[in-house]
Every structure is written in structure tokens, then in C-alpha cells.
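Please look at the sequence and the fold displayed below before reading on.

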Amino acid sequence: MIIRSAPRFAVSLLVAFSGDQDGVGVIRNLSINGCCISSGTVVKTGEALNLEFHPRDNGPVILVDLAEVRWATAWEFGVVFQSLLLEEQQRLLYFITTLPSA
């Protein structure tokens with residue numbers, strides 16, 4: 001059994017990422033600490049990425065300054081958020097409090 005530090009929430013959010021790799025994908029689950037992304041872009045464990053995603057169609061973009069890839073398969077990878085401005089973290093927290101648990 002995996003013990004998680006924060007609850008995960010099932011979502012389907014478009015995300016753009018850049019850094020060690022550039023690409024787009026879909027966030028499949030989200031927590032205040034990180035997320036799981038499905039993408040055709042291959043990334044490797046340990047790579048550093050910046051993320052940009054809209055939590056709602058009309059909401060402002062949430063920017064993650066630094067996310068580290070913790071695991072990766074051919075079509076999915078998981079990241080932990082390493083650096084997020086306080087304003088971005090507050091918007092993320094507000095958004096996930098409206099979601100049902102994954």
C-alpha cells in the first residue's frame with residue numbers, strides 16, 4: 001500500500017510543460033504536492049519541468065516553477081511540485097478543495 005502525504009483528485013486538465021523536455025499532456029490526478037500526467041512525450045525520472053495548466057475553462061493559468069519527475073512509463077509520468085509561488089499554491093488549493101477524492 002502506498003502512503004500519500006496529500007489526497008489525490010481525479011481530473012482531466014490540459015497541461016503544457018517545458019524544461020528538460022517540452023510537450024503537452026493531460027493531468028489525470030492532482031494533489032497539492034504533485035500530479036500524474038499522460039503524454040506522448042517521453043520524460044525520465046529526475047528531469048526538471050515547468051508546468052502550466054488551467055484549472056477551469058475560464059480560470060487563470062496555474063504555473064509550477066519547478067516540478068521533478070519521480071516516475072515515468074512510456075505514456076505517463078508523475079511529478080512532485082518543488083517550487084510554486086504562494087499565489088499559485090493558493091489557487092491550486094482552492095481548486096482541489098472543490099473536487100471529489102480520487
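Of the 102 residues of the chain, what percentage count as buried? The share is 41%, where buried means under 20% relative accessible area, exposed means over 50%, and partly exposed lies in between, with a 1.4 Å probe and protein chains only. This is a predicted model, in which local features need pLDDT of at least 70 and side-chain atom pairs count only at pLDDT 80 or more, while totals for chains, interfaces and linings use all residues. Residues are numbered from 1 along each chain as its sequence is written, and side-chain values use heavy atoms, with hydrogens and water left out.

The secondary structure comes to one helix and six strands, and from the N terminus on the elements run β-β-β-β-β-β-α; helices (H or I, at least four residues) and strands (E, at least two) are DSSP runs numbered from the N terminus. The radius of gyration of the chain is 12 Å, which agrees with the value near 13 Å that a compact globule of 102 residues would have; the radius is taken over C-alpha atoms, and the globule rule is 2.2 Å times the number of residues to the power 0.38. Along the principal axes, the C-alpha atoms fill a box of roughly 35 × 30 × 20 Å. Among contacts between residues at least 6 apart in sequence, 48% join residues at least 24 apart, a contact being heavy atoms within 4.5 Å.

The chain exposes about 6000 Å², of which carbon and sulfur atoms supply 55%; these areas come from the Shrake-Rupley method with a 1.4 Å probe, and for residues only the protein chains shown count as cover.

Helix 1 spans residues 86-96, and in it E88, L92, F95 and I96 are buried. These residues cover an arc of only 90° around the axis, which puts them on the same side of helix 1; the arc is that of the directions from the helix axis to the C-beta atoms. An α-helix has 3.6 residues a turn, so residues three or four places apart point the same way. On the other side of helix 1, L86, E87 and Y94 are exposed. The buried residues of the helix pack against strand 1 (9-19), strand 2 (23-30), strand 4 (48-53), strand 5 (62-72) and strand 6 (76-83). E88 itself has a relative accessible area of 8%, and, not counting residues up to four places away in sequence, E88 touches V61, I62 and L63.

Turning to the strands, S38 lies in strand 3 (residues 34-38) and is buried, with a relative accessible area of 18%. Leaving aside neighbours within four places in sequence, S38 is in contact with G25, V26, R28, W75 and E76. L14, in strand 1, is by contrast exposed, at 68%; L14 and S38 are 24 residues apart in sequence and 9.7 Å apart in space, C-alpha to C-alpha. With neighbours within four places again left aside, L14 is in contact with G25, V26, E52, F53 and H54.

W75, one of the contacts of S38, lies in the loop between strand 5 and strand 6 and is exposed, with a relative accessible area of 61%. Beyond its neighbours within four places in sequence, W75 is in contact with I37, S38, S39 and G40, and the C-alpha atoms of W75 and S39, 36 residues apart in sequence, are 5.4 Å apart in space.
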